[in-house]
Amino acid sequence: MPRRTATMLASSLVLFALLCAGVFLKVPYSEMSPGPTVNTLGESHGEPVLNISGHKTYPTTGHLNMTTVRVTGADYDMNLLEAVYGWLADDNIVVPHENLYPDGKTDKESTQENAEEFSQSQESAKVAALKQLGIPVTARVVVATVVKGSPSEGRLHAGDVVKEVDGSPVTAPGDVAKLVTKHKPGEPVEFTVVPAAAAAEAEKAGREPTGTTKVTVTAGKAPDDGHAVVGIRAGTDHTFPFPIDIKLADVGGPSAGLMFALGIVDKLTPEDLTGGKFIAGTGTIDDTGKVGPIGGIQMKTIGARQAGAEYFLTPAENCASAAAQVPDGLTLVKVSTIDDATKALQKISKGDTADLPRCTKS
């Protein structure tokens, strides 16, 4: 066989072997890429993303887009070839698998957690938006979850409104644990609650739940330090003065909270907050209106710009990372609260953008 032919054959075999290795060799990485963006002022799958009834709303223009990130699933095994392709791509990021799925979470566990965070973000978005507008929202402490096999199973239920523990008023979720841990394991703890069913009926009617009942739970023993526990997690629920429905399928996690809140504010405000501009953004939000950081910020800015956004509302803690690689034509606006974001929108809508708080690399 001629030397040249032998060399080409050997090279081909080596290349084939490398390609096979790249396909079959699994690596502990996952990929992130820009996901779809959705206008919170518009529709998704033919239905309004935000539907407000029982209160006057106003026409809106422009865009207030929430942004998403696509990630490979928790149970997906990336091969070496895919990892190399992701590293070389301009709009993808390859990261260690454990960064996205700590503690070995499965797809099912991750999906459940994302759904719970998404639901909580909607609740907080409503609260923050109405508080921003000076509309009263009533808060109450509820049983968020009951641990299976705990002393509370069958006695307390998710959704029960906790009014008192041992006769002491409960005004915040932390009060429940403080009052329970005053006991020793084996002692009775008396809860005064409005049952979940009655609370749900009251919420539908737009009134505060009434009709309490007393439930006694015998405290158990915590496995770590032996303090008294009853096996529930307390949380906060709210009574809104009118219905606000947020519908958006196939999205999880808490990062849409800010944009949901701003969409609600815009619909309930006579002033057009966007002025017809295309604005996107991201950020968690709590009941006080504080904006928190999110993951995948660079993927979200790329997705926003590809969709047509000119401005991107960026959580302050994500600013440095986002500013390290800004898509051409996109202005990053730094926000720490819903009030910051609302004021920025007012400036953008009027074209008064010279002194917008912008993200920098440091």
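Good morning. Please bear in mind throughout that we are looking at a predicted model.

I begin with the interior. In soluble globular proteins, nonpolar side chains tend to be buried together. Here, the largest nonpolar core comprises 43 residues. Within that core, the residues with the most contacts are Leu130, Leu258, Phe260, Leu262, Leu313 and Val333. Which elements give two or more residues to this core? On the helical side they are α4 (107–132), α7 (257–267) and α10 (338–350). The strands are β4 (50–52), β5 (63–71), β15 (244–246), β19 (311–315) and β20 (331–335). The largest share, seven residues, is that of α7.

Let us take Leu130 as an example. Setting aside neighbours within four places in sequence, Leu130 is in contact with Ile135, Val137, Phe240, Pro241, Phe242, Ile244 and Leu268. A further core, of 19 residues, lies apart from the largest one; Leu156, Val162, Phe191 and Ile232 are among its members.

I turn now to the second largest pocket, whose volume is about 750 Å³. Its lining consists of 26 residues, and those closest to the centre of the pocket are Ser119, Gln120, Glu123, Thr236 and Asp237. Which elements supply at least two residues each to this lining? They are α4, β7 (138–146), α6 (196–204) and β14 (232–239). With six residues, β14 provides the largest share. By class, ten of the lining residues are nonpolar, nine are polar and seven are charged.

Terms used. Residues are numbered from 1 along each chain as its sequence is written. This is a predicted model: local features need pLDDT of at least 70, side-chain atom pairs count only at pLDDT 80 or more; totals for chains, interfaces and linings use all residues. Side-chain values use heavy atoms; hydrogens and water are left out. A nonpolar core is a set of buried Ala, Val, Leu, Ile, Met, Phe, Trp, Tyr and Cys residues joined through side-chain atoms within 4.5 Å. Buried means under 20% relative accessible area, exposed over 50%, partly exposed in between (1.4 Å probe, protein chains only). Helices (H or I, at least four residues) and strands (E, at least two) are DSSP runs, numbered from the N terminus. Contact means heavy atoms within 4.5 Å. On a 1 Å grid over the protein atoms alone, a cavity is a set of points where a 1.4 Å probe fits but cannot get out, and a pocket is an open set with protein on both sides within 12 Å along at least five of seven lines; lining residues have an atom within 4 Å of a point. Grid points are joined across faces, edges and corners, and a volume is the space filled by probe spheres set on the points. Ala, Val, Leu, Ile, Met, Phe, Trp, Tyr, Cys and Pro count as nonpolar, Asp, Glu, Lys and Arg as charged, and the others, Gly among them, as polar.
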